[in-house]
Amino acid sequence: MSLRDEILEQPDAARRQLASSPDSLGALAAGLRAKPVASVVIAARGTSDHAAIYAQYVLGLRNGLSVGLATPSLVSIYGAELDVRESLVIGISQSGASPDIVAVVAAAARQGAPTLAITNDPASPLAGAAEHVVDLAAGPELAIAATKTYTTSLLAIARLSLALHPDPGAEHALRGVPGAIAAALELEPAVAAVVAELGPIDRCVIVGRGFEYATAREWALKLKELARVFADPYSAADFLHGPIALVQPGIPALVIAPAGATAASMTELLEDFRARSVDTVVLTDVPATRDLGRWSIALPSGVPEWLRPVVSIVPAQLFAYHLTRARGLDPDAPRYLSKVTRTN
């Protein structure tokens, strides 16, 4: 199975995730209602770290929980015993095999904190260290670059949010995500056309904000590991605090600018880019915003803002795939990488 095959499999993987591990999520939610936590700590690396950034927004906005990203080396290298007794501690790892992520969850379990593993291998060391486990149910992911394990990780986090605070309307919207992913996959010819016009670039900036900051980070990672592009991701707010000095003709900006709370600030940034003659590729579900980019890719409409990163990353994955091929590289053989990365 190729990387493209796995990208195309994501609607089915999403459906499997929506049916996965309901008892585990229910038990965790019941435990947290009986003994609420003050915060959430998430340990992750790479693609999974971007899922953790998504969780900061989802669990923060929908559940009122302060979410922090763990510093795994404090536990695995420095031997620190951080006090997480009042926190839910989550480990996210497609393989569940990285010792530093396992160490954070195991240390939390020793303190009696509630722990959750989100992994594609329910028999992994991470799953064994956690009290509760959500199986991503993505199916075997053989391509080195993670795609379907990323989107299913986002869905697992969305389901956790709903388990903590049920909402029939939000549940209905969640069930519509696999169909929205399928609609996003239909954008492949448009994505390939944009890549062909843009040419085999070797550097770019990627900008998103709010929920889509996770998308910007993950898009950049895919361009780095597959296409060997120096892709620098930013929150639009952080971008204005210095990195905007990088902007110039010849360095394209890839901008995720859909409808929602951040739309006005993203529109202002796109207008700034246009005034500076910067080539921009815009991912948006707002027709008027498409006119602000030199190129644009139309995201499926009707997806709630809090769920849209599950969908918006899909054309970004396809963009990375086609740019990799345009640069004469093999997307199924990224240089120096292996499927499972174990860090301490």
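I began with Arg 110, which is exposed at 60% relative accessible area. I keep in mind that this is a predicted model.

I looked for its partner. The side chain of Arg 110 meets that of Glu 81 in a salt bridge, 3.7 Å from N to O. The pair links distant parts of the chain, 29 residues apart. Arg 110 sits in helix H6 (residues 99-110), and Glu 81 lies in the loop between helix H5 (72-76) and strand S3 (87-93). Glu 81 is partly exposed, with 48% relative accessibility.

Next I turned to helix H12, residues 213-227. I checked its length. At 1.5 Å a residue, its 15 residues should span 21 Å, and the end C-alpha atoms are 21 Å apart, so the two agree. Is H12 mostly covered or mostly open? Mostly covered: twelve of its 15 residues are buried. Among them I noted Trp 219, Leu 223 and Leu 226.

I checked each. Glu 218 has a relative accessible area of 0%, Lys 222 has 2%, and Glu 225 has 16%; under 20% counts as buried.

Which residues pair with Lys 222? Glu 218 meets Lys 222 in a salt bridge at 2.7 Å, N to O. Four residues separate their positions, about one helical turn. Glu 225 also bridges to Lys 222, at 2.8 Å, from three residues away.

Just past H12, I found Arg 228 with a positive phi of about 55°.

Last, I looked at the wider set. The structure holds 13 salt bridges. Glu 9, Arg 16 and Lys 148 are linked in a network of them.

Note on methods
Residues are numbered from 1 along each chain as its sequence is written. This is a predicted model: local features need pLDDT of at least 70, side-chain atom pairs count only at pLDDT 80 or more; totals for chains, interfaces and linings use all residues. Side-chain values use heavy atoms; hydrogens and water are left out. Helices (H or I, at least four residues) and strands (E, at least two) are DSSP runs, numbered from the N terminus. The expected span of a helix is 1.5 Å times one less than its number of residues. Buried means under 20% relative accessible area, exposed over 50%, partly exposed in between (1.4 Å probe, protein chains only). A salt bridge is a side-chain nitrogen of Lys or Arg within 4 Å of a carboxyl oxygen of Asp or Glu.
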